[in-house]
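Reader: I have this protein open on my screen and would like to go through it with you. Could you take my questions one at a time?

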Amino acid sequence: MAKGKDIRVIIILTCTSCDQKSVNKESKGISRYITQKNRHNTPSRLELRKFCPCCCKHMIHAEIKK
């Protein structure tokens, strides 16, 4: 039996460093990852350390609003 609200939601993670650099136009682009999270276990915004190909190192990627 499916409920009205899905427990697992699709989220987009974007690099926080590339996001700040995009203001200065120094960045090659913005690194983004698509993943899922459980709404009940993590109600706050998700932040993960992932590899950013634009920065060429591991950076913090934060959840953005859709």
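This is a predicted model: local features need pLDDT of at least 70, side-chain atom pairs count only at pLDDT 80 or more; totals for chains, interfaces and linings use all residues.

Reader: Good. In what order do the elements of the protein chain run from the N terminus on?
Author: The secondary structure of the protein chain comes to one helix and four strands. Reading from the N terminus, the order is β-α-β-β-β.

Reader: And what is the order of the four strands in the open sheet?
Author: Let's build it from the pairs. Strand E1 (residues 8-15) pairs with E2 in the antiparallel sense over seven bridges, with threonine 14 opposite arginine 32 in E2. E1 is also joined by four bridges to strand E4 (residues 57-64), again antiparallel, while six bridges join E3 to E4. Put together, the open sheet has the order E2-E1-E4-E3.

Reader: Which strands stand at the edges, each with a single partner strand?
Author: In the order E2-E1-E4-E3, look at the two ends. Each strand there has a single partner, so one side of each is left without a neighbour in the sheet. The edge strands are E2 (32-38) and E3 (47-52).

Reader: What does the twist average from one strand to the next?
Author: The pairing in this four-stranded open sheet is antiparallel. From one strand to the next, the twist averages 45 degrees.

Reader: Which residue in E4 is the bridge partner of isoleucine 12?
Author: E1 and E4 run antiparallel and are joined by four bridges. Across from isoleucine 12, the partner in E4 is isoleucine 64.

Reader: Which residue in the turn between E3 and E4 has a positive phi?
Author: E3 and E4 run antiparallel, and phenylalanine 51 stands opposite histidine 58 in E4. The two strands form a hairpin with four residues between them. The one in the turn with a positive phi, of about 60 degrees, is cysteine 56.

Notes
Residues are numbered from 1 along each chain as its sequence is written. Side-chain values use heavy atoms; hydrogens and water are left out. Two strands pair if DSSP finds at least two bridges between them. Axes are lines fitted to C-alpha atoms, for helices over the stretch in contact, and angles run from 0 to 180 degrees between N-to-C directions.
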